[in-house]
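Below are some brief notes on the model, as requested.

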Amino acid sequence: MTIRKYPLPGVRKIAVLRANALGDYVFTIPALDALKATFPEAEVVLLGKAWHRDFLAARPGPVDRVVVLPKCNGVPHEADRVEDPEAVDAFFADMRAEHFDIALQMHGGGGNSNPLVSALGARLTAGLRADGAPPLDINIPYVFYHNEVLRYLEVVGSVGAVPTSVTPELAVTAMDRQALTDEMPALQQPYVVLHPGATDIRRRWPLEKMTALAGILAARGLAVYVTGVAEESAAVAKVASGANENIHDLCGKLSLPGMLALLKSADLLVSNDTGPLHLARAVGTATIGIYWVGNMINGGPMNVRNHRCAMSWTTHCPLCGMDCIANDAHVPRDGCMHDESFVDGVSVDEISAHAEALLNLPGVTATFRSAQA
């Protein structure tokens, strides 16, 4: 039996498969930092999406280059993209010509992604493997309920990478700040950001509660900027609909660089468990995250000095009673198609109290209670 010693000698090029959304990328940053620290001479190549290429171009960090992945056997999961066999064949020919020393799979349980990584032709493959997925050279069991940052640190640790931090950090550049200046020339200070959206509607705090919170914070003299993507325009408009002139609707008005700079200069972000929450933490902004308990296990912050989490312990659908968290937070969608909020149990009082602590604004909770009396 051959006993391998890690880290692998002579590593000059590392491929990392992680082709998904904003928050998903943020979770991998400590692992990518560990790779760069352990293999300082190696080029770290992210196999990702077009947004990775655009967002990470000229941005300080552990990723040296992004290769946009063609859709291959369902990876990445994009309903609007059709697989092109010629593009896939050309991609693998190009990747094999790169002569990767290490290829890492950080894109789910490996049913579709492990064959993709194996086909890159690297000297060594490692990554996540769920039950029944094809194996790599080194396999880390994919267990759904596990902290995402630690999950990817375990993957890179299997090839010898030593962590330098467990806290994701993203650099904010002059281009980001200029984008915000161009897109929001009259930004009010001080300000907080509220993000009422989330891809999974069950993760969304009820809009009437986010609206009440916006009113409380605006009444204290803070500017309140409500953000969201175009599909969330109705939700953002509702939260920003209060009579207070300090509340502003920014739905669809910011580029990703502009959003990054907005979050960096904010005094606080209040958000459901979605990309901007993890982005804000990565740029050092104080946050209050509203979590469905299972998602807290996967995506909770690595420290609490500047971050607070409000958790809902609801595990069964409020309408049909189905247990939607016992096995996998995504699979039950096949059985329960209701879009009721699972975080309705989080109170405005609780979020107000967290805001009071993080913003050093005594009386926020009392102000809310007086308004309700």
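1. The model is a predicted one. Around this pocket the lining is made up of Tyr 25, Ile 29, Asp 33, Leu 56, Arg 59, Pro 60, Gly 61, Pro 62, Val 63, Glu 169, Leu 170 and Ala 171.

2. By class, the lining of the second largest pocket holds 8 nonpolar residues, 1 polar and 3 charged. Helix H1 (residues 22-38) gives the largest share of that lining, with 3 residues.

3. The sheet is open and has 6 strands, paired in parallel in the order E3-E2-E1-E4-E5-E6. Its edges are strand E3 (65-68) and strand E6 (138-141); each has a single partner strand, so one side of each lacks a neighbour in the sheet. On average, neighbouring strands of this sheet are turned by 20° against each other, direction ignored.

4. Within the sheet, strand E1 (residues 13-17) and strand E2 (residues 43-48) run parallel and are joined by 5 bridges.

5. Which strands does H1 lie across? They are E1, E2 and strand E4 (102-105), and H1 runs at about 160° to E2. Helix H5 (residues 148-157) also packs on the sheet, where it touches E4, strand E5 (124-129) and E6. The direction of H5 makes about 155° with that of E5.

Key. Residues numbered from 1 in each chain as written. Predicted model: local features only at pLDDT ≥ 70, side-chain atom pairs only at ≥ 80, totals over all residues. Heavy atoms only, no water. 1 Å grid on protein atoms, 1.4 Å probe; cavity = no way out; pocket = protein on both sides within 12 Å on 5 of 7 lines; lining within 4 Å. Helix = DSSP H or I, 4+ residues; strand = E, 2+ residues; numbered from the N terminus. Nonpolar A, V, L, I, M, F, W, Y, C, P; charged D, E, K, R; others polar. Pairing = 2+ DSSP bridges. Axes fitted to C-alpha atoms, helices over the stretch in contact; angles between N-to-C directions. Contact = heavy atoms within 4.5 Å.
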